[in-house]
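The tour moves from the whole chain to single residues.

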Amino acid sequence: MKRILAALLLLALAVPVLGYRNAIADPVVRHADVGLPGWPAGTPPVRVALLADIHVQGPDLSPERMARIAEQVNAQKPDLVLIAGDFSGDRTLRTRLYSEAEIAASLKTLRAPLGIYAVLGNHDHWRDGPAMKRAVTAAGIPVLANQAIRAGPLTIAGADDIHTGNADIEALTRSAAALPGPTLVLSHSPDITPVLPPQFRLVLAGHTHCGQIVLPLVGRLATASRYGERYACGMVRETRRTTIVSAGIGNSVLPFRFGAPPDFWIVTIGPLAPVTSPR
């Protein structure tokens, strides 16, 4: 009996330690190639780095660790960096809460010749959306709120967060329509995908953490999506539209991960061609 109790105690101690180690592991770099209609002839593809759910907070994701991850992103030599919101860390189980300025400063080392752009997520709005937007913008990263910008051959349509009621599809569509060329949508949550007009062929998002805790036989404990498993994780190919959902870098609720390692994506976008599976 004592041996059984000792084994159970050891297991109880080992599980959170392993979960924390998984949470602070270097992010997995995932790759995908996507073709978009209207790609300018003779224009080379664009390498887009997709980051999501930074959740800068102690102990698992300090500004110093985020700055190191930014260098890992730079090492992939992206042409463009897109950040899909949730900069804020507001978890109850934490050792430190960082200011908006400290969070934004950790991203200043990101480099991309076509620019770095972001949208806000639900946690940013719950904490202080305007303050986060000011801090990130002051760090040299424009924050898009239902508006589109041009970056090289691409138009980036940045949707504000749908879960906090800040997304405005009509405004986003009007802004994107005023700019030429192939367009992608940057959104914190993939739940915006089904309500977008059909001309938007590519959506880059986060929010779900790919479940963050995915157990054998049980699967994901939660998807954070009203569509369940449909947009839970990874590349989702539907008729005439592709949605890519990052597992994110930081953590919510608990500083643990199981079966859903942190990641960021390098999405190579070019002329319309069959979409390849992630590599």
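The stops below proceed from overall dimensions to a helix, a few contacts and some backbone details.

**Before starting**

This is a predicted model, in which local features need pLDDT of at least 70 and side-chain atom pairs count only at pLDDT 80 or more, while totals for chains, interfaces and linings use all residues. Residues are numbered from 1 along each chain as its sequence is written, and side-chain values use heavy atoms, with hydrogens and water left out.

**Stop 1: the whole chain**

Select the chain in cartoon view: 5 helices and 15 strands are present. Helices (H or I, at least four residues) and strands (E, at least two) are DSSP runs, numbered from the N terminus. Along the principal axes, the C-alpha atoms fill a box of roughly 70 × 40 × 35 Å. The radius of gyration of the chain is 19 Å, which agrees with the value near 19 Å for a compact globule of 279 residues; the radius is taken over C-alpha atoms, and the globule rule is 2.2 Å times the number of residues to the power 0.38.

Of the 279 residues, 54% count as buried. Buried means under 20% relative accessible area, exposed over 50%, and partly exposed in between (1.4 Å probe, protein chains only). Among contacts (heavy atoms within 4.5 Å) between residues at least 6 apart in sequence, 78% join residues at least 24 apart.

**Stop 2: proline 59 and helix α2**

Select glycine 58 and proline 59, which are joined by a cis peptide bond with omega of about 5 degrees. Proline 59 belongs to the loop between β3 (57-58) and α2.

Which residues of α2 are buried? They are Pro63, Arg65, Met66, Ile69, Ala70, Val73 and Asn74. Just after α2, lysine 77 takes a positive phi of about 55 degrees.

**Stop 3**

Leucine 97 is found in strand β5 (residues 96-97) and is partly exposed, at 39% relative accessible area. Leaving aside neighbours within four places in sequence, leucine 97 is in contact with Gly89, Asp90 and Arg127.

A distance drawn from leucine 97 to valine 253 gives 14 Å between C-alpha atoms, for residues 156 apart along the chain. Valine 253 sits in the loop between β14 (241-245) and β15 (263-271). The phi of valine 253 is near 70 degrees, a positive value in a residue other than glycine, and the residue is exposed, with a relative accessible area of 62%.

**Stop 4: isoleucine 169**

Go to helix α5 (residues 169-177), where isoleucine 169 is found. Not counting residues up to four places away in sequence, isoleucine 169 touches Ile192, Val195, Leu196 and Pro197.

**Stop 5: histidine 209**

Finally, select the loop between β10 (202-205) and β11 (214-215), which holds histidine 209. Is histidine 209 buried or exposed? At 4% relative accessibility, histidine 209 counts as buried. Its phi is near 60 degrees, a positive value in a residue other than glycine.
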